[in-house]
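Please study the sequence and the structure shown below before reading on.

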Amino acid sequence: MKINTTGWHKYMGLPALLLFATFFLLPFVRGVGLSLTDWNGFSKPTFIGFSNFIAFFSDERALRDVRTTVLFALASAPLLNLVGLALALLLNKGFRGRVVVRGLLYMPAVISPMIMGSIWYLLLQPKRGLFSILLERVNLSSEMNWMLDGNLALLVLVSVNVWQYAGMTMVIYLAGLQAIPSEHYEAASVEGATSTQIFARIVFPQLLPSLKINSITNIIGSLSVFDVILALTDGGPGYDTESLSIYIMRMSWGNRGGYSTAVAMILFFIILVPVLLALLLFRRTEGI
Amino acid sequence: MNNRHRHTQRAPMPWYRAAVLFVISLVAVVPFYLLVLLALKGPTTPLTAIRLIPDWHIVNVAAAWKKSNLGRAIVNSLLMTVGGVAVLVLLASMAGYSIARVKSGLNRIIFSILLLCMMIPGIINTVPLYSLLIRLRGINTYWAMICVMAANALPFSVFLYSSFIRALPNSLEESAVIDGCSYFSAFWYITFPLIGPVTASVVILQGLGMWNNYAQAVFFLQDRAHRNIALAISLFFQQYGADWALMASAASIALIPAMVFFIAFQKYFIEGIIAGALKG
């Protein structure tokens, strides 16, 4: 028997919509509703208006988590872009073994950040980490214990994150660089352009799409950072390196489901605002 | 290909560039090497006396394999990744086709919803999703993780498919339709085989994310039988926090599948990342 499939193509988006509505939209909308209740995870939620949101702004731990999350992103996102771009410029000229180097630099990015964080924990822990021990052996170690100092711990987290994902931003920049025809460089140098001018006038405009995708993904990724912190510092010392997404998990496990969904809404806005700003900025730049 | 010829005829690169490249590659590789040193450390070697040549104490790896139940976790990760990618490719490619080819109110709504949700990380939904999955009896099941991970990856994938298909001329589809084929069949027989590079990109990018998933797994997979790799490693580290060689061995085992896969398919990996990032 032959099934008549005429006209089906008009509704081929429906299965996707159904899946998305069930496992994404529904929980999102329900989250908005629950954020206005005192739901503890089991009970019938009672409507309490904006109390959760008001409580958030006098919740010291939550505010410190906002600071941690934003600081992490402010350091991570630009550093990832800078290091990635520098690596891409370094690898842009062809040389023997380039594919190997590119592969080595990209490799950390394919590993789960949970596992990568665990590995760095084994290497970096003061006194017991292999890396610390080796540094001590060549008398490079200082007495700094980053696991007891919140700012140092944050720096270590940023470094590990940049180390893991710089290869990823590099690959995307590299693709942008390789798309520039070599005639453009040649023409510019014939005209007597300096290397700064070449970068500003020829290379940079061509890199805008790469910059855009790298910025947006790194903003979202670093503001919702979760795995690597859990693996490396578990949010410590104290709550010094706890990110908002970890706080959401811990609040929900601490039977404060309603509050945790309110925090999730706040995190949503913390991510939305810079992403929209970045998109606006790119639209303008591209318009010129 | 022309480029390659030109490059090989270039003068050798200056020594300082070679040195920088060497150091950078070292920075990428050394942590993995140190991990192997730790993993293969003999029981009598104190941490402070570790040498730069492995002790080759393979027994650690065998012990870690047994105690961590990583074999089961690898199978679980594989099942959920394959399932998630299959659901994702099926639904996203169909939706992308419909959105690209049929200008209807329904499709416009679907596309706008997905586009708006593209910047929402899954973690935002986890808590209400958890209570939903309890009702659907989806906690500790493969199907729920598959649906959740596929749903989280949908916006980006549909966007990628639709923009690729839009750039594709539809003359082939049209001639198939004139010959009596429906657009639905024309998609499967003509368009879908043509968009292989997008499918490769979706499979690699989103499949990797599913393979490495932790943020959803930690909520929705709680029993031992369903744990994925990242979850198994994190729990193993909590349980055997004192035995560093054992932990390093477990972490090394956990690395191997993704690493081998990457080394074997590096070309497709990088191309997939680039296609996904720049052409979407």
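In this predicted model, chain B contains 14 helices and 0 strands. Along the principal axes, its C-alpha atoms fill a box of roughly 75 × 65 × 30 Å. The radius of gyration of chain B is 24 Å, whereas a compact globule of 280 residues would have a value near 19 Å.

The interior of the chain may be considered next. Of the 280 residues of chain B, 46% count as buried. Helix α6 of chain B, which spans residues 126-135, supplies examples: B:T126, B:V127, B:P128, B:L129 and B:L133 are buried. When the contacts of chain B between residues at least 6 apart in sequence are taken, 74% join residues at least 24 apart.

Chain B also touches chain A. The contact takes 78 residues from chain B and 68 residues from chain A. On the side of chain B that touches chain A, helix α2 (residues 15-39) gives the most, with 11 residues. By class, this side of chain B has 63 nonpolar, 14 polar and 1 charged residues.

The packing of individual helices can now be examined. Two packed helices are described by the angle between their axes and the distance between the axes. One pair joins the two chains: the axes of helix α5 (residues 113-124) of chain A and helix α12 (residues 229-239) of chain B cross at roughly 30° and come within 8 Å. Angles under 35 degrees count as roughly parallel, and therefore α5(A) and α12(B) are roughly parallel to each other. Their crossing is left-handed. In this pair, A:M114, A:I115 and A:S118 of α5(A) meet B:A230, B:I233, B:S234 and B:F237 of α12(B). The residues of this contact comprise 5 nonpolar, 2 polar and no charged.

Another pair lies within chain A. Helix α3 (residues 60-92) and helix α7 (residues 150-178) of chain A pack with their axes 6 Å apart, at an angle of about 40°. Because of this angle, α3(A) is oblique to α7(A). Here α3(A) passes α7(A) in a right-handed crossing. The contact of α3(A) with α7(A) has 20 nonpolar, 7 polar and no charged residues.

Some details of the backbone remain. Most residues other than glycine have a negative phi, and most peptide bonds are trans. Which residues does a cis peptide bond join? The bond lies between A:G236 and A:P237, and its omega is about 0°. A:P237 is found in the loop between α10 (227-232) and α11 (244-253) of chain A.

Positive values of phi occur in chain B. B:W56, although not a glycine, has a positive phi of about 60°. This residue is placed in the loop between α2 and α3 (59-68) of chain B. Is B:W56 buried or exposed? B:W56 is exposed, with 9 other C-beta atoms within 10 Å. B:N140 also is not a glycine, and its phi is positive, near 60°. The place of B:N140 is in the loop between α6 and α7 (142-166) of chain B. With 16 C-beta neighbours inside 10 Å, B:N140 counts as partly exposed. Finally, B:R137, which follows α6(B), has a positive phi near 55°.

Definitions and conventions
Residues numbered from 1 in each chain as written. Chains lettered and ligands numbered in written order. Predicted model: local features only at pLDDT ≥ 70, side-chain atom pairs only at ≥ 80, totals over all residues. Helix = DSSP H or I, 4+ residues; strand = E, 2+ residues; numbered from the N terminus. Rg over C-alpha atoms; globule rule 2.2 N^0.38 Å. Buried ≥ 20, exposed ≤ 12 C-beta atoms within 10 Å, placed from the backbone. Contact = placed C-beta atoms within 7 Å. Nonpolar A, V, L, I, M, F, W, Y, C, P; charged D, E, K, R; others polar. Axes fitted to C-alpha atoms, helices over the stretch in contact; angles between N-to-C directions. Parallel < 35°, antiparallel > 145°, perpendicular 65-115°, else oblique. Left-handed = near helix turned anticlockwise from the far one by under 90°.
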